[in-house]
Amino acid sequence: MKETINKPFGELDIEQKIQICTSALSVPQGISKEEAFKRLSEKIDTETVSQPSLRISKGKHAISRFFYSAAAIVVILIACGVIMSMLTKTVTAPRGSHIEYTLADGSTVNLNSDSQIKFKKYRFNKNRTIKLEGEAYFYITSGKTFTVNTYMGSITVLGTAFNVYARDNNFSVNCLRGKVRVDTKDSSAILTKDQGVELSGNVLKEIKEENGSPISWIEGEFFFENAPLKKVIVEVERQFNVTFAEINNQLANKNFTGSFSNQSLDIALDIICTPLGLEYETNNGHNIVLKERD
Amino acid sequence: MIGINRAEFNKIFDDWYIHIRNFIYYKTGDIEKAEDITQDTFLKLWEIRQQIDQKTIKSLLYTMANNMYLNEVAHSKVVLKFESDYSMNPYSSSPEYEMEVKEFDNRLQSALNKMDEKNRTVYLMSRIDDLTYQEIAQRLGLTVKAIEKRISKAKAFLKEELSVDI
């Protein structure tokens, strides 16, 4: 390249131009070798296929090569199939959004903000088991037993519709159609239409009169009855993907009754603050400070 | 000795990952696809580890990767996009020079896209990976003569595509 750099680019001949430009070529970065190795190791370690007895012919002739590649393709397809089918599917609704997901059996799950379900895709119709973190509404088509596991309790149903709330130390289940069975470590309950239970200490207690439908959140409405301010704030944080500054004890003792919609943050804050005699300030757009009105 | 253990496999990965990925990249022009195919190639290598002869590992890897490529992406359209780094060049400070190079570089990229896949792969293995003809021949299980032929075809093609003034 050295001999070419004394002239302006335009005056170089075509071969020199090609020489310069091709010597500057490189391959895009992509993932690092270490990352690639990590991914490969994960695949190898989860691999459960028994070793296929494949013969590699060292011969260079066309036929053995053909068989070798054909067999290679088959092995890859089988291995990929087995690994894929073992894969666990995860569906996550991030903060500030809801997701409606249809499962392989036709059942639907509405995921509230900051909630996640996990399940094995392989033969889901035969083994309808889902792991839930957060809040979700399930509309289950009839078929084999459907189980929702949370870390506090599990719900077993045939064909029905129910809402599960499993966040922090709160666990509640509302049945909207059909019949569900709720099991926790120490207690269990059978719910029919319009019944609900929540975990209080170690036992399941019936939820009396609900203010608003337990699945109003699907419509973007959030109802609270005499709920600690902290619980309300956490829901606002989830729905609008914002954060609040830590509230002092005096505020933490306040209880809120009412509902807000996830359409407008300002309106929601007004609805929460006004009856409690509070005002709010937003710093940097995302950190909300609540304080008593003077 | 036939068969390799995990440590030997890791060593092979370490030695050959980048080479195989680049090789597939020259064919597909898609770095993510190249990474996927390379993953599959090594996964496959692991599956058949009991039958592997360490001595032939080099050409085996290239053959496997090539088959994997043919199997998966032979029919998709190639859009190569290389990264170019001209910072080493003394003229790079002049905006005029940069513009001229950039313009030429765009034409070079599209010429590479049009080039026959076999010629392009060998040409780029020589230009980007800095491999000797003999080394390329060994890896691909071809003769040095064949490599020379492909490279001169590639060069002639580029010259023809790029000497036409627009």
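How many salt bridges does the rule find across the interface of chain B and chain A? The rule finds 2 there, a salt bridge being a side-chain nitrogen of Lys or Arg within 4 Å of a carboxyl oxygen of Asp or Glu. The model is predicted, with local features needing pLDDT of at least 70, side-chain atom pairs counting only at pLDDT 80 or more, and totals for chains, interfaces and linings using all residues. Residues are numbered from 1 along each chain as its sequence is written, chains are lettered from A and ligands numbered from 1 in the order in which they are written, and side-chain values use heavy atoms, with hydrogens and water left out.

**View 1. A salt bridge between K33(A) and D14(B).** The closest N and O atoms of this pair sit 3.1 Å apart. K33(A) belongs to helix α2 (residues 33-46) of chain A and D14(B) to helix α1 of chain B, so the pair joins two chains. Helices (H or I, at least four residues) and strands (E, at least two) are DSSP runs, numbered from the N terminus. Over all chains, a search of the whole structure turns up 16 salt bridges.

**View 2. The interface of chain B with chain A.** Chain B puts 55 residues into the contact and chain A 48, where contact means heavy atoms within 4.5 Å. About 4800 Å² is buried between the two chains, 65% of it from carbon and sulfur atoms; that is the accessible area (1.4 Å probe) that two parts lose on being put together, summed over both.

**View 3. The open sheet β16-β19-β18 of chain A.** These 3 strands have mixed pairing; two strands pair if DSSP finds at least two bridges between them. β16 (243-244) and β18 (278-283) stand at the edges with a single partner strand each, so one side of each has no neighbour in the sheet. β16(A) runs parallel to β19 (residues 287-292) of chain A, over 2 bridges. F244(A) has I288(A) in β19(A) as its bridge partner.

**View 4. Helix α6 (residues 265-276) across the sheet strands of chain A.** α6 lies across β16, β18 and β19, at about 145° to β18(A). Axes are lines fitted to C-alpha atoms, for helices over the stretch in contact, and angles run from 0 to 180 degrees between N-to-C directions.
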